[in-house]
Amino acid sequence: MNADDTPRRGSTGRRASRRRAVEILYEAAQRAADPVTLLSERVGATGAEPIGDYTITLVEGVSAQREHIDEVLAEHAQGWSLTRMPPVDLAVLRLGVYELLWASDVPDPVAIDEAVGLARELSTEDSPRFVNGVLGRIGNIADRLRAVL
């Protein structure tokens with residue numbers, strides 16, 4: 001196997017963790033369940049696919065900051081209320097805002113790019129543009145938002 005065939009562990013691992021976190025956040029919203037409770041059920045489930053540390057960090061972080069995240073989204077999703085957003089897009093946006101504002105080890109462009117990629121994989125044809133627009137507006141003022149949170 002040459003260097004081109006070698007998977008890049010960091011990006012692949014984090015990408016898969018982000019996707020799993022979005023799936024858990026989405027499922028919790030659909031079931032009107034607490035995401036952290038759902039996550040803990042999955043972590044302890046016999047025979048379940050292992051859940052990575054970064055997935056746990058993301059689900060717990062989004063849950064802990066959800067009120068702030070939703071306030072930021074409501075303010076910057078021009079013309080869209082949270083209840084009007086497709087549920088998958090909302091899960092992706094919540095994760096993206098969390099990474100933008102609270103994950104200091106994730107550069108802002110990476111947080112936006114990863115969220116757009118998740119929207120492309122998991123949602124509608126229009127979702128990547130929508131997610132990019134909302135997170136782009138938030139990313140432009142992320143330093144200011146981080147200072148007040």
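Predicted model: local features only at pLDDT ≥ 70, side-chain atom pairs only at ≥ 80, totals over all residues.
Visitor: What counts as a salt bridge?

Guide: The rule looks for a side-chain nitrogen of Lys or Arg within 4 Å of a carboxyl oxygen of Asp or Glu. By this rule the model has 13 salt bridges.

Visitor: Which side chain does Arg 31 meet in a salt bridge?

Guide: Its partner is Glu 27, with N to O at 2.8 Å. Both residues belong to helix 1, residues 9-31, and sit four residues apart, about one turn of the helix.

Visitor: Where does the salt bridge of Arg 42 lead?

Guide: To Glu 27 again, where the closest N and O atoms are 2.7 Å apart. This pair links distant parts of the chain, since Arg 42 is in helix 2 (residues 35-44) and Glu 27 in helix 1, 15 residues apart.

Visitor: Is Glu 27 buried, partly exposed or exposed?

Guide: Buried means under 20% relative accessible area and exposed means over 50%. Glu 27 has 23%, so it is partly exposed. Arg 42, at 24%, is partly exposed, and Arg 31, at 48%, is partly exposed as well.

Visitor: What is the N to O distance between Arg 146 and Asp 143?

Guide: The distance is 2.5 Å, and the two side chains form a salt bridge. Both lie in helix 8, residues 142-148, three residues apart, about one turn of the helix. Arg 146 is partly exposed at 28% relative accessibility, while Asp 143 is exposed at 60%.

Methods. Residues numbered from 1 in each chain as written. Heavy atoms only, no water. Helix = DSSP H or I, 4+ residues; strand = E, 2+ residues; numbered from the N terminus. Buried < 20%, exposed > 50% of the residue type's maximum accessible area, 1.4 Å probe, protein only.
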